[in-house]
Amino acid sequence: QNGRLMNLREQDDVLKGKRILITGGSGFIGSHLVEELITKNISQFPLKIIGRKDHRNLTKRFGSKIDFVTGDLLDASFCQKSFNEVDIVIHLANFKKNYGYHNQFPATMMDLNSKIDSNIIKACQENKIEKLIYGSSVALYDFKEDLINESDNFCIKDGSDVNTTPNYGYVIAKRFGENLCSAYNKESGLNVIIIRIDNTFGEGDDFDNYPQIIPRFIKDAMTKQKITVFGDGSNKRTFIYVKDLVRDIIDLASSNFLELKHRVYNLSSSEVLSLSNIAELIKEILGDEMISIEYTDENNLKKEYRTISNNLITIALGERKYHSMKEALQNTISSIKIVQ
(Lines give C-alpha, C1' and ligand atoms only; values in the text may rest on other atoms or scores of the structure.)
Protein backbone atom coordinates (compact mmCIF):
# COMPACT_ATOMS: atom_id res chain seq x y z
CA GLN A 1 0.00 0.00 0.00
CA ASN A 2 3.05 2.31 -0.20
CA GLY A 3 2.82 5.67 -1.90
CA ARG A 4 -0.96 6.15 -1.75
CA LEU A 5 -3.83 6.31 0.67
CA MET A 6 -5.97 3.25 1.07
CA ASN A 7 -9.63 3.83 0.43
CA LEU A 8 -12.10 3.17 3.26
CA ARG A 9 -12.98 -0.32 2.00
CA GLU A 10 -9.32 -1.39 2.01
CA GLN A 11 -8.80 0.17 5.46
CA ASP A 12 -11.81 -1.67 6.83
CA ASP A 13 -10.53 -4.94 5.40
CA VAL A 14 -7.23 -4.52 7.26
CA LEU A 15 -8.58 -3.54 10.70
CA LYS A 16 -12.09 -5.02 10.70
CA GLY A 17 -11.10 -8.34 12.24
CA LYS A 18 -8.37 -6.96 14.52
CA ARG A 19 -8.60 -6.64 18.30
CA ILE A 20 -7.25 -3.19 19.11
CA LEU A 21 -5.99 -1.98 22.49
CA ILE A 22 -5.31 1.70 23.17
CA THR A 23 -3.33 2.80 26.21
CA GLY A 24 -4.20 6.31 27.25
CA GLY A 25 -7.48 5.74 25.40
CA SER A 26 -9.41 7.96 27.78
CA GLY A 27 -7.00 10.89 27.40
CA PHE A 28 -7.19 13.83 25.02
CA ILE A 29 -5.69 12.16 21.94
CA GLY A 30 -6.84 8.66 22.85
CA SER A 31 -10.51 9.60 23.24
CA HIS A 32 -10.53 11.20 19.79
CA LEU A 33 -8.92 8.06 18.37
CA VAL A 34 -11.57 5.87 20.03
CA GLU A 35 -14.34 8.08 18.66
CA GLU A 36 -12.96 7.90 15.12
CA LEU A 37 -12.49 4.14 15.18
CA ILE A 38 -16.01 3.54 16.48
CA THR A 39 -17.92 6.08 14.36
CA LYS A 40 -16.19 4.75 11.23
CA ASN A 41 -16.95 1.18 12.38
CA ILE A 42 -13.36 0.20 11.67
CA SER A 43 -13.15 -2.81 14.03
CA GLN A 44 -15.83 -5.43 14.58
CA PHE A 45 -14.51 -6.10 18.10
CA PRO A 46 -15.02 -3.83 21.14
CA LEU A 47 -12.06 -1.47 21.50
CA LYS A 48 -10.04 -2.24 24.61
CA ILE A 49 -9.14 0.97 26.39
CA ILE A 50 -6.75 1.33 29.30
CA GLY A 51 -7.16 4.69 31.00
CA ARG A 52 -7.24 6.47 34.33
CA LYS A 53 -10.76 7.85 33.99
CA ASP A 54 -13.60 7.88 31.49
CA HIS A 55 -12.73 11.14 29.72
CA ARG A 56 -15.42 12.60 27.43
CA ASN A 57 -17.95 9.99 28.70
CA LEU A 58 -16.74 7.23 26.38
CA THR A 59 -18.59 4.39 28.10
CA LYS A 60 -21.84 6.36 28.15
CA ARG A 61 -21.51 7.32 24.50
CA PHE A 62 -20.33 4.00 23.06
CA GLY A 63 -21.52 1.36 25.53
CA SER A 64 -20.63 -2.20 24.55
CA LYS A 65 -18.43 -1.00 21.70
CA ILE A 66 -15.63 -0.39 24.19
CA ASP A 67 -14.05 -2.50 26.91
CA PHE A 68 -12.84 0.07 29.44
CA VAL A 69 -10.12 -1.19 31.78
CA THR A 70 -8.72 0.77 34.69
CA GLY A 71 -5.42 -0.30 36.15
CA ASP A 72 -1.88 0.71 36.95
CA LEU A 73 0.49 0.67 33.98
CA LEU A 74 3.34 0.74 36.48
CA ASP A 75 2.27 -2.81 37.41
CA ALA A 76 4.00 -5.19 34.99
CA SER A 77 1.65 -8.09 35.78
CA PHE A 78 -1.40 -5.93 35.02
CA CYS A 79 0.08 -5.02 31.63
CA GLN A 80 0.97 -8.60 30.82
CA LYS A 81 -2.57 -9.82 31.55
CA SER A 82 -4.32 -6.90 29.87
CA PHE A 83 -2.48 -7.36 26.58
CA ASN A 84 -3.62 -10.95 26.19
CA GLU A 85 -5.73 -11.72 23.09
CA VAL A 86 -4.91 -8.40 21.42
CA ASP A 87 -3.68 -7.91 17.84
CA ILE A 88 -2.77 -4.22 17.65
CA VAL A 89 -1.58 -1.93 20.45
CA ILE A 90 -1.58 1.85 20.08
CA HIS A 91 0.44 3.12 23.03
CA LEU A 92 -0.43 6.74 23.85
CA ALA A 93 -0.30 6.62 27.64
CA ASN A 94 2.32 8.75 29.34
CA PHE A 95 2.79 11.07 32.26
CA LYS A 96 3.00 14.56 30.76
CA LYS A 97 2.42 18.11 31.91
CA ASN A 98 4.12 21.23 30.51
CA TYR A 99 7.58 22.80 30.43
CA GLY A 100 7.30 24.29 33.91
CA TYR A 101 6.34 21.01 35.56
CA HIS A 102 8.82 18.96 33.52
CA ASN A 103 11.70 21.24 34.42
CA GLN A 104 10.80 21.19 38.11
CA PHE A 105 10.40 17.40 38.34
CA PRO A 106 12.80 15.77 35.81
CA ALA A 107 13.38 12.63 37.90
CA THR A 108 9.64 12.02 38.30
CA MET A 109 9.08 12.44 34.57
CA MET A 110 11.95 10.09 33.70
CA ASP A 111 11.09 7.45 36.28
CA LEU A 112 7.34 7.14 35.65
CA ASN A 113 7.46 7.29 31.85
CA SER A 114 10.34 4.84 31.45
CA LYS A 115 8.63 2.31 33.76
CA ILE A 116 5.31 2.62 31.92
CA ASP A 117 7.00 2.14 28.55
CA SER A 118 9.08 -0.79 29.75
CA ASN A 119 6.02 -2.62 31.08
CA ILE A 120 3.94 -2.00 27.97
CA ILE A 121 6.58 -2.84 25.37
CA LYS A 122 7.55 -6.00 27.23
CA ALA A 123 3.87 -7.00 27.50
CA CYS A 124 3.54 -6.58 23.73
CA GLN A 125 6.53 -8.85 23.16
CA GLU A 126 5.34 -11.48 25.66
CA ASN A 127 1.85 -11.58 24.15
CA LYS A 128 3.22 -11.67 20.58
CA ILE A 129 1.30 -8.57 19.53
CA GLU A 130 0.90 -8.32 15.75
CA LYS A 131 1.58 -4.55 15.62
CA LEU A 132 2.66 -1.89 18.11
CA ILE A 133 2.41 1.85 17.46
CA TYR A 134 4.57 3.61 20.04
CA GLY A 135 3.66 7.22 20.79
CA SER A 136 6.83 9.29 21.10
CA SER A 137 7.30 13.06 20.86
CA VAL A 138 8.92 15.78 18.76
CA ALA A 139 10.26 17.11 22.07
CA LEU A 140 13.25 14.84 21.36
CA TYR A 141 14.51 17.15 18.61
CA ASP A 142 16.99 19.95 18.96
CA PHE A 143 15.90 23.41 17.85
CA LYS A 144 16.59 24.21 14.20
CA GLU A 145 15.59 26.99 11.79
CA ASP A 146 14.57 24.61 8.97
CA LEU A 147 11.92 21.89 9.04
CA ILE A 148 13.04 18.96 11.18
CA ASN A 149 13.02 15.45 9.73
CA GLU A 150 13.31 12.10 11.48
CA SER A 151 17.11 11.88 11.15
CA ASP A 152 17.86 15.28 12.68
CA ASN A 153 19.67 15.81 15.98
CA PHE A 154 18.12 15.22 19.37
CA CYS A 155 18.15 17.98 21.98
CA ILE A 156 19.83 15.81 24.62
CA LYS A 157 23.33 14.60 23.90
CA ASP A 158 25.95 12.91 26.07
CA GLY A 159 26.85 15.23 28.91
CA SER A 160 23.71 17.39 28.59
CA ASP A 161 23.00 19.35 31.75
CA VAL A 162 19.73 18.51 33.49
CA ASN A 163 19.62 22.06 34.82
CA THR A 164 19.71 23.75 31.43
CA THR A 165 17.97 21.26 29.12
CA PRO A 166 14.18 21.74 28.83
CA ASN A 167 12.03 18.63 29.26
CA TYR A 168 15.11 16.65 30.33
CA GLY A 169 13.39 13.81 32.18
CA TYR A 170 10.52 13.43 29.72
CA VAL A 171 12.83 13.45 26.70
CA ILE A 172 15.23 10.90 28.23
CA ALA A 173 12.26 8.61 28.93
CA LYS A 174 11.03 8.90 25.34
CA ARG A 175 14.51 8.13 24.01
CA PHE A 176 14.55 5.08 26.25
CA GLY A 177 11.13 3.98 24.97
CA GLU A 178 12.16 4.32 21.34
CA ASN A 179 15.42 2.44 21.95
CA LEU A 180 13.58 -0.33 23.80
CA CYS A 181 11.18 -0.72 20.87
CA SER A 182 14.13 -1.04 18.50
CA ALA A 183 15.90 -3.51 20.79
CA TYR A 184 12.83 -5.76 21.03
CA ASN A 185 12.41 -5.53 17.27
CA LYS A 186 15.96 -6.82 16.82
CA GLU A 187 15.80 -9.43 19.58
CA SER A 188 12.35 -10.92 19.03
CA GLY A 189 10.94 -9.34 15.86
CA LEU A 190 8.45 -7.08 17.66
CA ASN A 191 6.64 -5.35 14.81
CA VAL A 192 6.67 -1.69 15.82
CA ILE A 193 6.23 1.78 14.33
CA ILE A 194 7.35 4.84 16.31
CA ILE A 195 5.35 8.04 15.89
CA ARG A 196 6.84 11.34 17.02
CA ILE A 197 3.79 13.45 17.74
CA ASP A 198 3.91 17.22 17.28
CA ASN A 199 2.19 19.73 19.58
CA THR A 200 -1.46 18.61 19.44
CA PHE A 201 -4.59 20.63 20.13
CA GLY A 202 -8.32 20.50 19.54
CA GLU A 203 -11.68 19.90 21.16
CA GLY A 204 -11.45 18.46 24.67
CA ASP A 205 -7.90 19.71 25.28
CA ASP A 206 -6.73 20.39 28.84
CA PHE A 207 -7.35 24.07 29.53
CA ASP A 208 -6.86 23.85 33.29
CA ASN A 209 -4.06 21.54 34.45
CA TYR A 210 -0.71 22.74 33.10
CA PRO A 211 -2.09 23.79 29.69
CA GLN A 212 0.31 23.92 26.75
CA ILE A 213 0.76 26.81 24.31
CA ILE A 214 -2.51 26.87 22.37
CA PRO A 215 -4.93 26.00 25.21
CA ARG A 216 -3.14 28.51 27.45
CA PHE A 217 -3.42 31.25 24.84
CA ILE A 218 -7.11 30.49 24.26
CA LYS A 219 -7.96 30.29 27.96
CA ASP A 220 -6.17 33.54 28.80
CA ALA A 221 -7.81 35.34 25.87
CA MET A 222 -11.29 34.19 26.89
CA THR A 223 -10.94 34.73 30.63
CA LYS A 224 -8.39 37.52 31.07
CA GLN A 225 -8.62 39.25 27.67
CA LYS A 226 -4.85 39.05 27.60
CA ILE A 227 -2.47 36.64 25.87
CA THR A 228 1.02 36.50 27.36
CA VAL A 229 3.72 35.41 24.92
CA PHE A 230 7.14 34.47 26.28
CA GLY A 231 9.80 36.22 24.20
CA ASP A 232 9.16 38.58 21.31
CA GLY A 233 6.73 36.21 19.57
CA SER A 234 9.09 35.29 16.74
CA ASN A 235 9.79 31.73 17.94
CA LYS A 236 8.29 29.33 15.41
CA ARG A 237 6.41 26.07 15.90
CA THR A 238 4.34 23.54 14.00
CA PHE A 239 1.26 21.84 15.42
CA ILE A 240 -1.26 19.17 14.50
CA TYR A 241 -5.02 19.25 14.96
CA VAL A 242 -6.15 16.22 16.95
CA LYS A 243 -8.57 14.99 14.27
CA ASP A 244 -5.77 15.02 11.68
CA LEU A 245 -3.48 13.23 14.10
CA VAL A 246 -5.85 10.32 14.77
CA ARG A 247 -6.44 9.91 11.03
CA ASP A 248 -2.69 9.56 10.52
CA ILE A 249 -2.49 7.00 13.33
CA ILE A 250 -5.33 4.93 11.86
CA ASP A 251 -3.78 5.05 8.39
CA LEU A 252 -0.48 3.81 9.82
CA ALA A 253 -2.23 1.05 11.81
CA SER A 254 -3.90 -0.04 8.56
CA SER A 255 -0.60 -0.26 6.69
CA ASN A 256 1.72 -3.22 6.34
CA PHE A 257 4.57 -2.40 8.71
CA LEU A 258 6.89 -4.87 7.01
CA GLU A 259 6.53 -3.05 3.68
CA LEU A 260 7.22 0.41 5.10
CA LYS A 261 10.76 1.63 4.50
CA HIS A 262 10.93 3.50 7.81
CA ARG A 263 10.06 2.71 11.42
CA VAL A 264 9.89 6.28 12.70
CA TYR A 265 7.43 8.93 11.49
CA ASN A 266 6.81 12.55 12.43
CA LEU A 267 3.12 13.37 12.73
CA SER A 268 2.66 17.08 12.10
CA SER A 269 0.76 19.44 9.81
CA SER A 270 4.09 21.14 8.96
CA GLU A 271 2.30 24.53 8.86
CA VAL A 272 4.87 26.91 10.34
CA LEU A 273 3.66 29.76 12.54
CA SER A 274 5.30 32.09 15.01
CA LEU A 275 3.87 32.38 18.52
CA SER A 276 2.82 35.89 17.56
CA ASN A 277 0.93 34.50 14.54
CA ILE A 278 -0.96 32.09 16.78
CA ALA A 279 -1.88 34.76 19.31
CA GLU A 280 -3.12 37.06 16.56
CA LEU A 281 -5.19 34.25 14.99
CA ILE A 282 -6.89 33.50 18.31
CA LYS A 283 -7.67 37.18 18.81
CA GLU A 284 -9.09 37.40 15.28
CA ILE A 285 -11.29 34.31 15.73
CA LEU A 286 -12.68 35.56 19.05
CA GLY A 287 -13.35 38.92 17.40
CA ASP A 288 -12.60 40.86 20.56
CA GLU A 289 -10.57 44.00 20.01
CA MET A 290 -10.14 44.36 23.76
CA ILE A 291 -7.86 41.30 23.89
CA SER A 292 -4.27 42.43 24.34
CA ILE A 293 -1.12 40.52 23.39
CA GLU A 294 1.79 41.08 25.74
CA TYR A 295 5.39 39.97 25.29
CA THR A 296 7.74 39.21 28.19
CA ASP A 297 11.51 38.84 28.54
CA GLU A 298 11.86 39.94 24.94
CA ASN A 299 15.61 40.34 25.03
CA ASN A 300 16.45 37.36 27.23
CA LEU A 301 14.90 34.37 25.49
CA LYS A 302 16.71 32.41 22.77
CA LYS A 303 15.36 32.04 19.27
CA GLU A 304 13.93 28.52 19.43
CA TYR A 305 12.41 27.08 16.26
CA ARG A 306 10.98 23.55 16.38
CA THR A 307 9.15 23.04 13.11
CA ILE A 308 8.43 19.50 12.02
CA SER A 309 8.45 17.94 8.55
CA ASN A 310 5.79 15.34 7.66
CA ASN A 311 7.58 14.32 4.46
CA LEU A 312 8.19 10.67 5.42
CA ILE A 313 4.57 9.80 6.19
CA THR A 314 3.55 11.51 2.97
CA ILE A 315 5.97 9.31 1.05
CA ALA A 316 4.77 6.19 2.90
CA LEU A 317 1.01 6.72 2.73
CA GLY A 318 0.43 9.28 0.00
CA GLU A 319 -0.57 12.95 0.05
CA ARG A 320 -1.97 14.11 3.38
CA LYS A 321 -4.61 16.78 3.86
CA TYR A 322 -4.60 18.75 7.09
CA HIS A 323 -6.93 21.38 8.49
CA SER A 324 -5.46 24.87 8.31
CA MET A 325 -4.43 26.31 11.66
CA LYS A 326 -7.20 28.89 11.42
CA GLU A 327 -9.92 26.31 10.77
CA ALA A 328 -8.64 24.00 13.51
CA LEU A 329 -8.49 26.89 16.00
CA GLN A 330 -12.03 27.92 15.05
CA ASN A 331 -13.30 24.39 15.75
CA THR A 332 -11.45 24.28 19.06
CA ILE A 333 -12.69 27.67 20.25
CA SER A 334 -16.27 26.93 19.17
CA SER A 335 -16.29 23.77 21.27
CA ILE A 336 -15.20 25.75 24.33
CA LYS A 337 -17.98 28.28 23.84
CA ILE A 338 -20.53 25.44 23.74
CA VAL A 339 -19.17 23.94 26.97
CA GLN A 340 -19.33 27.29 28.70
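Colleague: Where is Gln225 found?

Modeller: Gln225 sits in the loop between α8 and β8 (226-230); helices (H or I, at least four residues) and strands (E, at least two) are DSSP runs, numbered from the N terminus. Mind that this is a predicted model, in which local features need pLDDT of at least 70, side-chain atom pairs count only at pLDDT 80 or more, and totals for chains, interfaces and linings use all residues. Residues are numbered from 1 along each chain as its sequence is written, and side-chain values use heavy atoms, leaving out hydrogens and water.

Colleague: Why is Gln225 called partly exposed?

Modeller: Buried means under 20% relative accessible area, exposed means over 50%, and partly exposed is in between (1.4 Å probe, protein chains only). Gln225 has 36%, so it counts as partly exposed. Its phi is positive too, about 55°, although it isn't a glycine.

Colleague: And Ser270, what makes that one count as buried?

Modeller: Its relative accessibility is 18%, which is under 20%, so Ser270 is buried. Ser270 lies in the loop between β11 and β12 (273-274), and its phi is positive as well, near 65°.

Colleague: What makes the contact of α2 with α9, and how does it split by class?

Modeller: Contact means heavy atoms within 4.5 Å. The α2 side includes Phe28, His32 and Leu33, and the α9 side includes Val246, Ile249 and Ile250. By class there are nine nonpolar, one polar and three charged residues; Ala, Val, Leu, Ile, Met, Phe, Trp, Tyr, Cys and Pro count as nonpolar, Asp, Glu, Lys and Arg as charged, and the others, Gly among them, as polar.

Colleague: Which residues have the most contacts inside the largest nonpolar core?

Modeller: Those are Leu33, Val34, Ile90, Ile249 and Leu252, in a core of 39 residues. Such a core is a set of buried Ala, Val, Leu, Ile, Met, Phe, Trp, Tyr and Cys residues joined through side-chain atoms within 4.5 Å. Helix α9 gives the largest share, seven residues.

Colleague: Why do β3 and β11 stand at the edges of the sheet?

Modeller: Two strands pair if DSSP finds at least two bridges between them. The open sheet runs β3-β2-β1-β4-β5-β6-β11, with parallel pairing. β3 (66-69) and β11 (264-267) each have a single partner strand, so one side of each lacks a neighbour in the sheet.

Colleague: How do you know that β4 and β5 pair?

Modeller: β4 (residues 88-91) and β5 (residues 131-137) share four bridges, in the parallel sense. At least two are needed, so they pair. Ile88, for one, has Lys131 of β5 as its bridge partner.
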